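Subject: Structure handover and findings

Hello,

Here is the structure for your files. My notes on what turned up follow below it.

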Amino acid sequence: MDGDSISTLLVIFILIALSAFFSGTETAFSSYNKIKMKSLAASEDARADLILKIEENYDKLITTVLIGNNIVNITLTTVSTLFFMDLIKNLEESTVATISTAVVTVTVLIFGEITPKVLAKEHADNYV
């Protein structure tokens, strides 16, 4: 594997991490203990106070998170397809695109959606 392939893989991993961040954030903000956060904010916890301020604009937060997640996932799909096309040169482009789509779909579902949401739900107060 050459330097460009390693750089592309790094970009793919960063994009998966960003997808996980956006997915986890969405779940954490809908699952955290609001009473506990209000109590912490009352005791002058700056982080809790910030969380409650963000919560006041929940619609904007969710819109931003969803747009960010879509941009990341679309970019991930594009970069991954180009990576697979460069990696697998002996197959038809449509076959390589299908392989790339399958691999990216499973990867995003497991590492960019399901796992971060489960973790964020279980640890929402620490995630937000």
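To begin with the charged groups, Glu26, Glu113 and Lys117 form a linked network of salt bridges (a salt bridge being a side-chain nitrogen of Lys or Arg within 4 Å of a carboxyl oxygen of Asp or Glu). Please keep in mind that this is a predicted model, in which local features need pLDDT of at least 70 and side-chain atom pairs count only at pLDDT 80 or more, while totals for chains, interfaces and linings use all residues. Residues are numbered from 1 along each chain as its sequence is written, and side-chain values use heavy atoms, with hydrogens and water left out.

Salt bridges

The whole structure contains five salt bridges. In the one between Lys117 and Glu113, the closest N and O atoms are 3.9 Å apart. Both residues belong to helix 5, separated by four residues, about one turn of the helix (helices are DSSP runs of H or I, at least four residues, numbered from the N terminus). Lys117 is partly exposed because its relative accessibility is 24%, whereas Glu113 counts as buried at 19%. The cut-offs are under 20% relative accessible area for buried, over 50% for exposed, and partly exposed in between, with a 1.4 Å probe and protein chains only.

Lys53 and Asp49 make another salt bridge, with 3.4 Å between the closest N and O atoms. They too are four residues apart, about one turn of the helix, this time in helix 3 (residues 46-56). Lys53 has a relative accessibility of 49% and so counts as partly exposed; Asp49, at 32%, is also partly exposed.

The salt bridge between Asp125 and Lys36 has its closest N and O atoms 3.7 Å apart. This pair links distant parts of the chain, since Asp125 is in helix 6 (residues 124-127) and Lys36 is in helix 2, 89 residues away. Asp125 is buried, with a relative accessible area of 18%, while Lys36 is partly exposed at 40%.

Apart from neighbours within four places in sequence, Asp125 is in contact (heavy atoms within 4.5 Å) with Tyr32, Asn33, Lys36, Met37 and Arg47.

Asn69, in helix 4, is buried, as its relative accessible area is 8%. Its side chain makes a polar contact of 3.3 Å with that of Ser23 and another of 3.1 Å with that of Glu113. A polar contact here is a pair of N or O atoms within 3.5 Å; within protein, one must be able to donate a hydrogen and the other to accept it, and residues adjacent in sequence count only if both atoms are side-chain atoms. Setting aside neighbours within four places in sequence, Asn69 is in contact with Ser19, Phe22, Ser23 and Glu113.

In soluble globular proteins, nonpolar side chains tend to be buried together. The largest nonpolar core in this model has 25 residues, of which Ile12, Phe29, Tyr32, Met37, Ile51, Leu76 and Val128 touch the most other members. Helix 1 (3-31), helix 2, helix 3, helix 4 (58-87) and helix 5 each contribute at least two residues to this core, and helix 4 gives the largest share, seven residues. A nonpolar core is a set of buried Ala, Val, Leu, Ile, Met, Phe, Trp, Tyr and Cys residues joined through side-chain atoms within 4.5 Å. Beyond neighbours within four places in sequence, Ile51 is in contact with Phe29, Tyr32, Met37 and Val128.

Surface

Val106, Leu109, Ile110, Phe111, Ile114 and Val118 make a nonpolar surface patch of about 530 Å². Residues in such a patch have over 30% relative accessible area and no salt bridge, with nonpolar side chains (Val, Leu, Ile, Met, Phe, Trp, Tyr) joined within 5 Å and, for charged patches, like charges within 9 Å. Areas come from the Shrake-Rupley method with a 1.4 Å probe. Leu109, one of the patch residues, is in helix 5 (residues 93-122) and is partly exposed at 43%.

Leu40 lies in helix 2 (residues 34-42) and is partly exposed, with 27% relative accessibility. Neighbours within four places in sequence aside, Leu40 is in contact with Asp45 and Ala48.

Regards
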